[in-house]
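Here is a brief report on one chain. It starts with a single side chain and then widens to the whole fold.

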Amino acid sequence: IDVCPGDATVECFSDMLAQISADSLTLATGGVTTPCGMRYDVVRDALPAFDNCPNTYTITWTVTDSCGRQDVCSNETPIDNAGPTIDVCPRDAAVECYSDMLAQISADSLTLATSGVTTACGMRYDVVRDALPAFDNCPNTYTITWTVTDSCGRQDVRSEERRVGKEC
């Protein structure tokens, strides 16, 4: 093997697959020198299971010439990406009645579940909020905390305040 494929940091599993395909093509079409122009085969380790979570994968390449002689090299491909980000955090708000606060919290939950979060590589995520406060139309301030957890277990947490103003 003239030049072993180099280590490369990628963001997503699909980027790693593209890098491995390019490295395979390079080795198969000119990255290997054999005596007398012998034919050779390039084989790499089996691909790891699909996973977009940060991790480092070692890929081993084996070149075997037509006499059965081998040369082996390895490279490392780390997947490195950011955890989830709440892009559209619910805002502090003052409402007149407890029922208005519940309606806003429901709308905020829907926004976060459908479009208010960014994850690396399109990862799945779950949105959880604190339990609702007990019913009370008296003037009061409630802190609502939202937690987004991606499929790697990484979290983004944001809080906002809701003020209930007067009895209905």
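Does Phe 135 count as buried or exposed? Phe 135 counts as exposed, at 61% relative accessibility. Buried here means under 20% relative accessible area, exposed over 50%, and partly exposed in between, with a 1.4 Å probe and protein chains only.

This is a predicted model, in which local features need pLDDT of at least 70, side-chain atom pairs count only at pLDDT 80 or more, and totals for chains, interfaces and linings use all residues. Residues are numbered from 1 along each chain as its sequence is written, and side-chain values use heavy atoms, with hydrogens and water left out.

**Fold and dimensions**

Two helices and nine strands make up the elements of the chain. Their order from the N terminus is α-β-β-β-β-β-α-β-β-β-β. Helices (H or I, at least four residues) and strands (E, at least two) are DSSP runs, numbered from the N terminus.

The chain has a radius of gyration of 27 Å, whereas a compact globule of 168 residues would have one near 15 Å. That radius is taken over C-alpha atoms, and the globule rule is 2.2 Å times the number of residues to the power 0.38. Along the principal axes, the C-alpha atoms fill a box of roughly 90 × 20 × 15 Å. Of the 168 residues, 34% are buried.

Contact means heavy atoms within 4.5 Å. Among contacts between residues at least 6 apart in sequence, 59% join residues at least 24 apart.

**Aromatic pairs**

Rings of Phe, Tyr and Trp (its six-membered ring) pair if their centres lie within 6.5 Å; planes under 30 degrees apart count as stacked, over 60 as edge-to-face and the rest as tilted. The count comes to two aromatic pairs. Phe 13 and Phe 50 form an edge-to-face pair, 5.1 Å centre to centre, with 65° between the planes. Phe 13 lies in helix H1 (residues 13-29) and Phe 50 in the loop between strands S1 (40-44) and S2 (55-65), so the pair ties together parts 37 residues apart in sequence.

The rings of Tyr 98 and Phe 135 have centres 5.0 Å apart and planes at 75°, so this pair is edge-to-face. Tyr 98 lies in helix H2 (residues 98-114) and Phe 135 in the loop between strands S7 (125-129) and S8 (140-150), so the pair ties together parts 37 residues apart in sequence.

| Residue | Relative accessible area | Class |
|---|---|---|
| Phe 13 | 4% | buried |
| Phe 50 | 62% | exposed |
| Tyr 98 | 6% | buried |
| Phe 135 | 61% | exposed |
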